[in-house]
Amino acid sequence: MQILSVQDLCKSYETFALKNVSFTLDKGFIMGFIGSNGAGKTTTLKSILNLVNKDSGVVHVLGKDFTQNEIALKQQLGFMFGGIDSYLKSRVGKITDVVRRFYKNWDDDIYATYMRRFAIDENKKVEQLSNGMRVKFSLTLALSHQARLLILDEPTSGLDPVARDDLLELFQELIEDGERSILFSTHITSDLEKCADYITYIQNGRIIESRAKDDLLAAYSVVKGTREQLSKLGSSLIAYKENAFGFTGLVSNTGLNANDGLTIETPSIEQIMIYHEKRRAENEKSAV
Amino acid sequence: MKKGGLKMKNLLYKEFRLVIHPLFYAVLLFGALLLIPEWVYFLALMYFFFIALPNIFSVGKAQNDIGFSVMLPVRRKDIVKARMLAIIILEILQIIVAAVFALVNLAIYPKGNFLMDTNATFIGCVFIMYAIFNVIFFPMFYKTAFKIGFPVIAATTAAIVFATAVELSVLFVPALRILDGTENLAAQLPVLLGGIIIFVLLNIAAYKSSVKSFQSIDL
(Lines give C-alpha, C1' and ligand atoms only; values in the text may rest on other atoms or scores of the structure.)
Protein backbone atom coordinates (compact mmCIF):
# COMPACT_ATOMS: atom_id res chain seq x y z
CA MET A 1 0.00 0.00 0.00
CA GLN A 2 1.25 3.46 -0.87
CA ILE A 3 1.75 5.53 2.23
CA LEU A 4 2.91 8.56 0.28
CA SER A 5 2.43 9.50 -3.32
CA VAL A 6 3.64 12.74 -4.84
CA GLN A 7 2.56 13.56 -8.37
CA ASP A 8 3.80 16.36 -10.60
CA LEU A 9 4.66 18.74 -7.83
CA CYS A 10 5.66 22.13 -9.23
CA LYS A 11 6.79 25.24 -7.46
CA SER A 12 8.53 28.19 -9.06
CA TYR A 13 10.68 30.79 -7.43
CA GLU A 14 12.54 33.55 -9.23
CA THR A 15 15.77 31.61 -9.49
CA PHE A 16 14.72 28.06 -8.79
CA ALA A 17 11.85 25.72 -9.60
CA LEU A 18 10.65 22.28 -8.66
CA LYS A 19 9.63 20.65 -11.90
CA ASN A 20 7.11 17.80 -11.91
CA VAL A 21 8.45 16.11 -8.83
CA SER A 22 6.86 12.65 -8.55
CA PHE A 23 7.62 9.63 -6.41
CA THR A 24 5.86 7.09 -4.22
CA LEU A 25 6.71 5.35 -0.99
CA ASP A 26 5.16 2.09 0.16
CA LYS A 27 4.24 1.06 3.65
CA GLY A 28 7.07 -0.46 5.66
CA PHE A 29 10.02 1.10 3.86
CA ILE A 30 12.63 3.77 4.28
CA MET A 31 13.22 6.20 1.46
CA GLY A 32 16.31 8.34 1.36
CA PHE A 33 15.92 11.64 -0.42
CA ILE A 34 19.25 12.87 -1.74
CA GLY A 35 20.50 15.82 -3.65
CA SER A 36 23.19 18.45 -3.35
CA ASN A 37 22.67 21.63 -1.36
CA GLY A 38 19.98 23.74 -2.98
CA ALA A 39 18.67 20.90 -5.17
CA GLY A 40 15.16 21.30 -3.71
CA LYS A 41 15.00 18.67 -0.97
CA THR A 42 13.58 20.90 1.74
CA THR A 43 11.29 22.71 -0.69
CA THR A 44 9.90 19.38 -1.85
CA LEU A 45 9.27 18.18 1.70
CA LYS A 46 7.71 21.51 2.66
CA SER A 47 5.50 21.47 -0.44
CA ILE A 48 4.31 17.98 0.45
CA LEU A 49 3.22 19.31 3.83
CA ASN A 50 1.71 22.56 2.51
CA LEU A 51 4.25 24.62 4.39
CA VAL A 52 5.17 25.93 0.99
CA ASN A 53 2.24 26.62 -1.34
CA LYS A 54 2.77 24.43 -4.37
CA ASP A 55 1.88 25.79 -7.79
CA SER A 56 0.47 22.45 -8.90
CA GLY A 57 0.64 18.77 -8.09
CA VAL A 58 -1.15 16.29 -5.87
CA VAL A 59 0.02 14.67 -2.67
CA HIS A 60 -1.66 11.59 -1.24
CA VAL A 61 -0.90 10.33 2.25
CA LEU A 62 -2.34 6.96 3.26
CA GLY A 63 -4.40 7.07 0.09
CA LYS A 64 -6.06 10.41 0.84
CA ASP A 65 -5.53 13.80 -0.72
CA PHE A 66 -3.34 15.67 1.75
CA THR A 67 -4.66 19.17 1.10
CA GLN A 68 -8.26 18.11 1.59
CA ASN A 69 -7.61 15.98 4.68
CA GLU A 70 -4.80 17.95 6.19
CA ILE A 71 -5.93 17.84 9.82
CA ALA A 72 -6.85 14.16 9.89
CA LEU A 73 -3.66 13.14 8.08
CA LYS A 74 -1.43 15.26 10.27
CA GLN A 75 -2.62 13.12 13.17
CA GLN A 76 -0.82 10.22 11.50
CA LEU A 77 2.23 12.12 10.44
CA GLY A 78 5.43 13.08 12.18
CA PHE A 79 7.67 15.64 10.59
CA MET A 80 10.76 17.48 11.50
CA PHE A 81 12.90 20.12 9.83
CA GLY A 82 16.38 19.91 11.27
CA GLY A 83 16.08 19.24 14.99
CA ILE A 84 13.56 20.96 17.21
CA ASP A 85 14.50 24.64 17.14
CA SER A 86 11.43 26.06 18.84
CA TYR A 87 11.10 26.90 22.50
CA LEU A 88 14.73 26.12 23.20
CA LYS A 89 14.47 27.73 26.62
CA SER A 90 11.48 25.65 27.65
CA ARG A 91 11.67 22.40 29.51
CA VAL A 92 11.18 19.22 27.53
CA GLY A 93 8.28 18.18 29.76
CA LYS A 94 6.48 21.46 29.08
CA ILE A 95 6.74 20.96 25.32
CA THR A 96 5.32 17.46 25.69
CA ASP A 97 2.51 18.74 27.87
CA VAL A 98 1.47 21.10 25.08
CA VAL A 99 1.96 18.70 22.17
CA ARG A 100 0.24 15.63 23.61
CA ARG A 101 -3.13 17.38 23.84
CA PHE A 102 -3.41 17.66 20.08
CA TYR A 103 -3.29 13.94 19.26
CA LYS A 104 -6.15 11.55 19.73
CA ASN A 105 -3.84 8.52 19.54
CA TRP A 106 -1.32 9.84 22.04
CA ASP A 107 0.06 7.02 24.16
CA ASP A 108 1.79 7.93 27.43
CA ASP A 109 3.31 4.45 27.77
CA ILE A 110 5.04 4.68 24.41
CA TYR A 111 6.24 8.16 25.36
CA ALA A 112 7.65 6.99 28.69
CA THR A 113 9.31 3.98 27.07
CA TYR A 114 11.18 6.00 24.46
CA MET A 115 12.12 8.79 26.87
CA ARG A 116 13.65 6.14 29.12
CA ARG A 117 15.33 4.37 26.27
CA PHE A 118 16.84 7.57 24.86
CA ALA A 119 17.66 8.79 28.37
CA ILE A 120 16.02 12.16 27.77
CA ASP A 121 15.45 14.09 30.98
CA GLU A 122 12.07 15.88 30.97
CA ASN A 123 13.43 18.55 33.28
CA LYS A 124 16.13 19.65 30.87
CA LYS A 125 15.62 22.59 28.60
CA VAL A 126 15.50 21.79 24.89
CA GLU A 127 18.69 23.81 24.34
CA GLN A 128 20.51 21.56 26.81
CA LEU A 129 19.88 18.53 24.62
CA SER A 130 22.53 17.58 22.07
CA ASN A 131 21.56 17.60 18.39
CA GLY A 132 21.14 13.83 18.45
CA MET A 133 18.95 14.06 21.54
CA ARG A 134 16.77 16.74 19.95
CA VAL A 135 16.17 14.51 16.94
CA LYS A 136 15.33 11.64 19.27
CA PHE A 137 12.97 13.84 21.26
CA SER A 138 11.18 14.84 18.04
CA LEU A 139 10.95 11.18 17.09
CA THR A 140 9.61 10.32 20.53
CA LEU A 141 6.81 12.86 20.08
CA ALA A 142 5.99 11.44 16.66
CA LEU A 143 6.08 7.83 17.88
CA SER A 144 3.93 8.66 20.90
CA HIS A 145 1.12 9.85 18.69
CA GLN A 146 1.64 6.74 16.59
CA ALA A 147 2.64 8.44 13.39
CA ARG A 148 2.56 6.15 10.37
CA LEU A 149 4.71 8.31 8.15
CA LEU A 150 7.78 10.16 9.33
CA ILE A 151 9.07 12.94 7.12
CA LEU A 152 12.44 14.10 8.33
CA ASP A 153 14.55 16.82 6.77
CA GLU A 154 18.23 16.10 7.32
CA PRO A 155 17.83 14.30 10.63
CA THR A 156 21.43 13.11 10.56
CA SER A 157 23.20 16.36 9.76
CA GLY A 158 25.24 17.65 12.66
CA LEU A 159 25.36 14.26 14.37
CA ASP A 160 28.62 12.51 15.17
CA PRO A 161 29.21 9.16 13.41
CA VAL A 162 28.14 7.12 16.43
CA ALA A 163 24.91 9.07 16.97
CA ARG A 164 24.19 8.87 13.26
CA ASP A 165 24.67 5.12 13.12
CA ASP A 166 22.50 4.77 16.20
CA LEU A 167 19.72 6.82 14.61
CA LEU A 168 19.84 4.87 11.35
CA GLU A 169 19.52 1.62 13.26
CA LEU A 170 16.55 3.07 15.06
CA PHE A 171 14.96 3.95 11.70
CA GLN A 172 15.24 0.33 10.63
CA GLU A 173 13.75 -0.85 13.88
CA LEU A 174 10.83 1.54 13.51
CA ILE A 175 9.72 0.15 10.17
CA GLU A 176 10.13 -3.49 11.17
CA ASP A 177 6.45 -4.05 11.89
CA GLY A 178 5.64 -3.00 8.34
CA GLU A 179 3.13 -0.35 9.38
CA ARG A 180 5.33 2.70 9.26
CA SER A 181 7.43 4.41 6.62
CA ILE A 182 10.17 6.98 6.79
CA LEU A 183 11.11 9.56 4.19
CA PHE A 184 14.28 11.38 5.10
CA SER A 185 16.48 13.77 3.24
CA THR A 186 20.22 13.78 3.57
CA HIS A 187 23.32 14.65 1.65
CA ILE A 188 25.35 12.05 3.49
CA THR A 189 25.27 9.14 1.09
CA SER A 190 26.59 6.60 3.59
CA ASP A 191 23.32 7.07 5.54
CA LEU A 192 21.50 5.62 2.58
CA GLU A 193 23.86 2.71 2.14
CA LYS A 194 23.19 1.77 5.74
CA CYS A 195 19.43 1.93 5.87
CA ALA A 196 17.49 3.10 2.82
CA ASP A 197 15.28 0.71 0.86
CA TYR A 198 14.49 3.28 -1.79
CA ILE A 199 16.37 6.26 -3.06
CA THR A 200 14.98 9.37 -4.65
CA TYR A 201 17.55 11.66 -6.14
CA ILE A 202 16.72 15.26 -6.92
CA GLN A 203 18.91 17.52 -9.00
CA ASN A 204 18.12 21.17 -9.61
CA GLY A 205 14.42 20.71 -8.87
CA ARG A 206 14.00 17.58 -11.00
CA ILE A 207 13.81 13.99 -9.84
CA ILE A 208 16.40 12.07 -11.81
CA GLU A 209 16.15 8.74 -10.02
CA SER A 210 13.53 7.21 -7.75
CA ARG A 211 13.78 3.47 -7.24
CA ALA A 212 14.92 0.66 -4.95
CA LYS A 213 18.49 1.12 -3.81
CA ASP A 214 19.65 -2.18 -5.31
CA ASP A 215 18.01 -1.34 -8.65
CA LEU A 216 19.71 2.03 -8.61
CA LEU A 217 23.12 0.50 -7.96
CA ALA A 218 22.49 -2.13 -10.64
CA ALA A 219 21.58 0.51 -13.20
CA TYR A 220 25.01 2.10 -13.31
CA SER A 221 28.62 1.04 -13.57
CA VAL A 222 31.85 2.75 -12.81
CA VAL A 223 34.21 2.21 -15.71
CA LYS A 224 37.96 2.70 -15.85
CA GLY A 225 40.07 2.74 -18.92
CA THR A 226 42.80 4.39 -20.95
CA ARG A 227 42.68 7.73 -22.78
CA GLU A 228 42.15 5.94 -26.13
CA GLN A 229 39.15 4.10 -24.76
CA LEU A 230 37.78 7.37 -23.44
CA SER A 231 37.73 8.97 -26.86
CA LYS A 232 35.86 5.92 -28.23
CA LEU A 233 33.24 6.03 -25.49
CA GLY A 234 32.41 9.65 -26.23
CA SER A 235 29.05 10.76 -24.96
CA SER A 236 27.85 7.44 -23.55
CA LEU A 237 29.53 8.34 -20.26
CA ILE A 238 27.44 10.36 -17.81
CA ALA A 239 30.64 12.05 -16.66
CA TYR A 240 34.26 11.13 -16.14
CA LYS A 241 37.41 12.25 -14.43
CA GLU A 242 40.81 11.99 -16.06
CA ASN A 243 43.82 10.81 -14.11
CA ALA A 244 47.44 9.83 -14.79
CA PHE A 245 46.47 6.37 -16.03
CA GLY A 246 43.42 7.21 -18.04
CA PHE A 247 39.94 7.93 -16.75
CA THR A 248 37.24 6.85 -14.35
CA GLY A 249 33.63 7.50 -15.29
CA LEU A 250 30.04 6.58 -14.67
CA VAL A 251 27.92 4.94 -17.29
CA SER A 252 24.34 3.80 -17.39
CA ASN A 253 24.28 0.01 -17.84
CA THR A 254 22.02 0.30 -20.84
CA GLY A 255 24.77 2.15 -22.66
CA LEU A 256 27.50 -0.30 -21.66
CA ASN A 257 29.11 -2.59 -24.17
CA ALA A 258 30.75 -5.60 -22.50
CA ASN A 259 33.41 -5.96 -25.20
CA ASP A 260 35.00 -2.58 -24.72
CA GLY A 261 37.71 -4.07 -22.55
CA LEU A 262 37.03 -1.60 -19.76
CA THR A 263 37.35 -2.31 -16.05
CA ILE A 264 33.80 -2.35 -14.72
CA GLU A 265 32.87 -1.89 -11.08
CA THR A 266 29.66 -1.54 -9.11
CA PRO A 267 29.25 2.11 -8.15
CA SER A 268 28.53 3.52 -4.73
CA ILE A 269 25.65 5.94 -4.26
CA GLU A 270 28.20 8.64 -3.70
CA GLN A 271 29.80 7.96 -7.08
CA ILE A 272 26.42 8.03 -8.81
CA MET A 273 25.69 11.35 -7.22
CA ILE A 274 29.10 12.89 -7.86
CA TYR A 275 29.14 12.02 -11.56
CA HIS A 276 25.58 13.20 -12.09
CA GLU A 277 26.43 16.49 -10.42
CA LYS A 278 29.60 16.75 -12.50
CA ARG A 279 27.61 16.32 -15.66
CA ARG A 280 25.21 19.01 -14.57
CA ALA A 281 28.05 21.41 -13.78
CA GLU A 282 29.56 20.74 -17.22
CA ASN A 283 26.21 21.26 -18.96
CA GLU A 284 25.76 24.56 -17.18
CA LYS A 285 29.27 25.65 -18.10
CA SER A 286 28.76 24.83 -21.77
CA ALA A 287 25.40 26.62 -21.72
CA VAL A 288 27.18 29.78 -20.55
CA MET B 1 -17.65 21.76 15.77
CA LYS B 2 -16.89 20.13 19.10
CA LYS B 3 -13.59 18.89 17.69
CA GLY B 4 -12.75 22.37 16.39
CA GLY B 5 -13.47 23.80 19.82
CA LEU B 6 -11.13 21.31 21.44
CA LYS B 7 -8.39 22.15 18.97
CA MET B 8 -8.80 25.86 19.68
CA LYS B 9 -8.69 25.17 23.40
CA ASN B 10 -5.43 23.28 22.91
CA LEU B 11 -3.97 26.06 20.81
CA LEU B 12 -4.98 28.67 23.37
CA TYR B 13 -3.36 26.48 26.00
CA LYS B 14 -0.19 26.61 23.91
CA GLU B 15 -0.40 30.41 23.60
CA PHE B 16 -0.80 30.94 27.32
CA ARG B 17 1.63 28.20 28.36
CA LEU B 18 4.45 28.85 25.92
CA VAL B 19 4.07 32.26 24.30
CA ILE B 20 2.46 34.61 26.80
CA HIS B 21 4.57 34.78 29.92
CA PRO B 22 2.49 35.34 33.09
CA LEU B 23 4.43 38.58 33.59
CA PHE B 24 2.36 40.12 30.81
CA TYR B 25 -0.76 39.88 32.96
CA ALA B 26 0.91 42.53 35.13
CA VAL B 27 0.43 44.94 32.21
CA LEU B 28 -3.29 44.78 32.95
CA LEU B 29 -2.53 46.73 36.14
CA PHE B 30 -1.80 49.77 33.96
CA GLY B 31 -5.55 50.20 34.32
CA ALA B 32 -4.69 51.66 37.73
CA LEU B 33 -3.26 54.69 35.92
CA LEU B 34 -6.87 55.81 35.59
CA LEU B 35 -6.50 56.98 39.19
CA ILE B 36 -4.12 59.78 38.12
CA PRO B 37 -5.97 63.08 38.46
CA GLU B 38 -6.34 65.32 35.37
CA TRP B 39 -4.82 63.12 32.69
CA VAL B 40 -5.19 61.74 29.17
CA TYR B 41 -6.82 58.49 30.23
CA PHE B 42 -6.51 56.78 26.85
CA LEU B 43 -2.78 56.59 27.54
CA ALA B 44 -3.35 54.12 30.37
CA LEU B 45 -4.92 51.70 27.91
CA MET B 46 -2.21 52.21 25.31
CA TYR B 47 0.47 50.54 27.43
CA PHE B 48 -1.02 47.28 26.25
CA PHE B 49 0.25 47.83 22.74
CA PHE B 50 3.24 49.90 23.79
CA ILE B 51 4.62 47.07 25.92
CA ALA B 52 2.71 43.79 26.08
CA LEU B 53 1.78 43.12 22.47
CA PRO B 54 5.17 43.80 20.80
CA ASN B 55 6.87 41.70 23.45
CA ILE B 56 4.47 38.79 23.08
CA PHE B 57 5.09 38.77 19.34
CA SER B 58 8.85 39.08 19.84
CA VAL B 59 8.78 36.07 22.14
CA GLY B 60 6.83 34.13 19.53
CA LYS B 61 9.37 35.06 16.89
CA ALA B 62 12.44 34.37 19.06
CA GLN B 63 11.05 30.98 20.05
CA ASN B 64 10.09 30.11 16.46
CA ASP B 65 6.50 29.62 17.50
CA ILE B 66 5.29 29.33 13.91
CA GLY B 67 7.76 26.54 13.20
CA PHE B 68 6.38 24.78 16.24
CA SER B 69 2.71 25.43 15.49
CA VAL B 70 2.80 24.19 11.91
CA MET B 71 4.07 20.81 13.16
CA LEU B 72 0.85 20.36 15.12
CA PRO B 73 -2.26 18.87 13.53
CA VAL B 74 -3.93 22.23 12.99
CA ARG B 75 -4.65 24.44 10.01
CA ARG B 76 -2.87 27.68 9.38
CA LYS B 77 -6.03 29.65 10.02
CA ASP B 78 -6.27 28.02 13.44
CA ILE B 79 -2.80 29.32 14.26
CA VAL B 80 -3.89 32.86 13.38
CA LYS B 81 -7.16 32.48 15.23
CA ALA B 82 -5.49 31.23 18.41
CA ARG B 83 -2.99 34.07 18.56
CA MET B 84 -5.67 36.67 17.79
CA LEU B 85 -8.02 35.22 20.39
CA ALA B 86 -5.27 35.23 23.00
CA ILE B 87 -4.57 38.92 22.33
CA ILE B 88 -8.29 39.78 22.24
CA ILE B 89 -8.79 38.00 25.57
CA LEU B 90 -5.99 40.11 27.06
CA GLU B 91 -7.50 43.27 25.57
CA ILE B 92 -10.91 42.51 27.04
CA LEU B 93 -9.32 41.73 30.42
CA GLN B 94 -7.43 45.02 30.16
CA ILE B 95 -10.69 46.88 29.52
CA ILE B 96 -12.45 45.10 32.42
CA VAL B 97 -9.64 45.98 34.82
CA ALA B 98 -9.66 49.55 33.52
CA ALA B 99 -13.43 49.77 33.88
CA VAL B 100 -13.13 49.00 37.58
CA PHE B 101 -10.58 51.79 38.04
CA ALA B 102 -12.73 54.03 35.83
CA LEU B 103 -15.59 53.69 38.33
CA VAL B 104 -13.21 54.44 41.19
CA ASN B 105 -11.98 57.50 39.30
CA LEU B 106 -15.52 58.81 38.87
CA ALA B 107 -16.17 58.24 42.58
CA ILE B 108 -13.07 60.00 43.87
CA TYR B 109 -12.95 62.90 41.38
CA PRO B 110 -16.53 64.25 41.39
CA LYS B 111 -15.37 67.45 39.67
CA GLY B 112 -14.41 65.48 36.56
CA ASN B 113 -11.40 65.70 34.24
CA PHE B 114 -10.46 68.60 31.94
CA LEU B 115 -10.18 66.08 29.08
CA MET B 116 -12.48 63.04 28.71
CA ASP B 117 -13.80 61.50 31.89
CA THR B 118 -13.55 57.75 32.47
CA ASN B 119 -17.21 57.27 31.61
CA ALA B 120 -19.18 54.96 29.31
CA THR B 121 -18.11 56.94 26.21
CA PHE B 122 -14.50 56.44 27.21
CA ILE B 123 -14.83 52.67 27.55
CA GLY B 124 -16.70 52.47 24.24
CA CYS B 125 -13.94 54.45 22.55
CA VAL B 126 -11.29 52.16 24.08
CA PHE B 127 -13.01 49.21 22.37
CA ILE B 128 -12.82 51.13 19.09
CA MET B 129 -9.19 52.06 19.72
CA TYR B 130 -8.22 48.39 20.22
CA ALA B 131 -10.31 47.43 17.19
CA ILE B 132 -8.42 49.95 15.03
CA PHE B 133 -5.13 48.68 16.39
CA ASN B 134 -6.03 45.05 15.64
CA VAL B 135 -7.42 45.64 12.18
CA ILE B 136 -4.18 47.30 11.14
CA PHE B 137 -1.67 45.25 13.10
CA PHE B 138 -2.79 41.66 12.47
CA PRO B 139 -3.22 41.75 8.67
CA MET B 140 0.09 43.59 8.31
CA PHE B 141 1.92 41.20 10.61
CA TYR B 142 0.59 38.07 8.89
CA LYS B 143 1.88 39.28 5.53
CA THR B 144 5.27 38.03 6.75
CA ALA B 145 4.42 36.39 10.11
CA PHE B 146 7.89 37.66 10.98
CA LYS B 147 8.24 41.44 10.82
CA ILE B 148 6.81 43.12 13.89
CA GLY B 149 8.21 46.66 13.92
CA PHE B 150 6.38 48.37 11.11
CA PRO B 151 2.96 46.82 11.79
CA VAL B 152 3.23 47.90 15.45
CA ILE B 153 4.23 51.46 14.49
CA ALA B 154 1.43 51.77 11.93
CA ALA B 155 -1.25 50.35 14.21
CA THR B 156 -0.09 52.35 17.23
CA THR B 157 -0.09 55.56 15.20
CA ALA B 158 -3.63 54.93 14.01
CA ALA B 159 -4.80 54.21 17.57
CA ILE B 160 -3.16 57.40 18.88
CA VAL B 161 -4.69 59.49 16.08
CA PHE B 162 -8.11 58.05 16.91
CA ALA B 163 -7.78 58.71 20.66
CA THR B 164 -6.53 62.25 20.02
CA ALA B 165 -9.43 62.94 17.67
CA VAL B 166 -11.91 61.71 20.29
CA GLU B 167 -10.35 63.85 23.04
CA LEU B 168 -10.26 66.97 20.87
CA SER B 169 -13.76 66.62 19.45
CA VAL B 170 -15.35 66.08 22.85
CA LEU B 171 -13.42 69.12 24.11
CA PHE B 172 -14.11 71.51 21.20
CA VAL B 173 -17.35 70.39 19.55
CA PRO B 174 -20.18 71.73 21.74
CA ALA B 175 -22.69 69.16 20.48
CA LEU B 176 -20.44 66.37 21.72
CA ARG B 177 -20.08 67.77 25.25
CA ILE B 178 -22.86 65.41 26.34
CA LEU B 179 -20.45 62.53 25.80
CA ASP B 180 -18.23 63.87 28.60
CA GLY B 181 -19.15 63.83 32.29
CA THR B 182 -21.55 61.35 33.80
CA GLU B 183 -24.90 63.14 33.54
CA ASN B 184 -25.90 61.98 30.04
CA LEU B 185 -25.69 58.23 30.36
CA ALA B 186 -28.49 57.81 27.79
CA ALA B 187 -26.32 59.50 25.17
CA GLN B 188 -23.20 57.64 26.22
CA LEU B 189 -24.44 54.06 26.39
CA PRO B 190 -24.95 53.85 22.59
CA VAL B 191 -21.26 54.79 22.19
CA LEU B 192 -20.28 51.95 24.52
CA LEU B 193 -22.53 49.50 22.71
CA GLY B 194 -21.39 50.75 19.30
CA GLY B 195 -17.79 50.44 20.45
CA ILE B 196 -18.30 46.78 21.34
CA ILE B 197 -19.98 46.07 18.00
CA ILE B 198 -17.16 47.79 16.10
CA PHE B 199 -14.65 45.80 18.17
CA VAL B 200 -16.30 42.54 17.14
CA LEU B 201 -16.72 43.48 13.48
CA LEU B 202 -13.24 44.85 12.95
CA ASN B 203 -11.69 41.83 14.66
CA ILE B 204 -13.56 39.50 12.33
CA ALA B 205 -12.33 41.56 9.37
CA ALA B 206 -8.79 41.52 10.77
CA TYR B 207 -8.97 37.72 11.18
CA LYS B 208 -10.19 37.11 7.63
CA SER B 209 -7.59 39.34 6.09
CA SER B 210 -4.81 37.91 8.30
CA VAL B 211 -5.71 34.34 7.37
CA LYS B 212 -5.62 35.22 3.70
CA SER B 213 -2.14 36.69 4.02
CA PHE B 214 -0.84 33.90 6.21
CA GLN B 215 -2.13 31.18 3.85
CA SER B 216 -0.25 32.63 0.94
CA ILE B 217 3.21 32.83 2.49
CA ASP B 218 5.79 30.08 2.17
CA LEU B 219 7.09 29.06 5.56
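Biologist: What share of the 288 residues in chain A is buried?
Modeller: Buried residues make up 39% of chain A. A residue counts as buried if 20 or more other C-beta atoms, placed from the backbone, lie within 10 Å of its own, as exposed if 12 or fewer do, and as partly exposed in between. Keep in mind that this is a predicted model, where local features need pLDDT of at least 70, side-chain atom pairs count only at pLDDT 80 or more, and totals for chains, interfaces and linings use all residues. Residues are numbered from 1 along each chain as its sequence is written, while chains are lettered from A and ligands numbered from 1 in the order in which they are written.

Biologist: Thanks! And how many helices and strands are in chain A?
Modeller: Chain A has 10 helices and 14 strands. These are DSSP runs numbered from the N terminus, with at least four residues of H or I for a helix and at least two of E for a strand. The C-alpha atoms of chain A fill a box of roughly 70 × 40 × 35 Å along the principal axes.

Biologist: I see an open sheet of four strands in chain A. What's the strand order?
Modeller: The order is E2-E1-E4-E5, with antiparallel pairing. Two strands pair if DSSP finds at least two bridges between them. E2 (17-26) and E5 (64-65) of chain A each have a single partner strand, so one side of each is left without a neighbour in the sheet.

Biologist: Which helix packs on that sheet?
Modeller: Helix H1 (residues 41-48) of chain A does, touching E1 (2-12), E2 and E4. The direction of H1(A) makes about 115° with that of E1(A). Axes are lines fitted to C-alpha atoms, for helices over the stretch in contact, and angles run from 0 to 180 degrees between N-to-C directions.

Biologist: And how many bridges join E4(A) to E5(A)?
Modeller: Two, and these strands run antiparallel. Val61(A) stands opposite Lys64(A) of E5(A).

Biologist: What about Asn50(A), where is that found?
Modeller: Asn50(A) is in the loop between H1 and E4 of chain A. Its phi is near 65°, a positive value in a residue other than glycine. Asn50(A) is partly exposed because 18 other C-beta atoms lie within 10 Å.

Biologist: Switching to Leu167(A): buried or exposed?
Modeller: Buried, because Leu167(A) has 21 C-beta neighbours inside 10 Å. Leu167(A) is found in helix H6 (residues 161-175) of chain A. Leaving out residues up to four places away in sequence, Leu167(A) touches Gly132(A), Val135(A), Pro155(A), Thr156(A) and Leu159(A). A contact here means C-beta atoms, placed from the backbone, within 7 Å.

Biologist: OK, chain B now. How many helices and strands does chain B have?
Modeller: Chain B has seven helices and zero strands. Of its 219 residues, 44% count as buried. A compact globule with 219 residues would have a radius of gyration near 17 Å, and chain B has 18 Å, which agrees. That radius is taken over C-alpha atoms, and the globule rule is 2.2 Å times the number of residues to the power 0.38.

Biologist: At what angle do H4(B) and H7(B) cross?
Modeller: The axes of H4 (residues 76-108) and H7 (residues 185-216) of chain B cross at roughly 145° and come within 9 Å. The crossing is right-handed. Left-handed is when the near helix is turned anticlockwise from the far one by less than a right angle, and right-handed when clockwise.

Biologist: Which residues meet there?
Modeller: From H4(B), the list includes Val80(B), Met84(B) and Ile88(B), and the H7(B) side includes Tyr207(B), Val211(B) and Phe214(B). The residues of this contact divide into six nonpolar, three polar and three charged. Ala, Val, Leu, Ile, Met, Phe, Trp, Tyr, Cys and Pro count as nonpolar, Asp, Glu, Lys and Arg as charged, and the others, Gly among them, as polar.

Conventions
Two residues are in contact if their C-beta atoms, placed from the backbone, lie within 7 Å.
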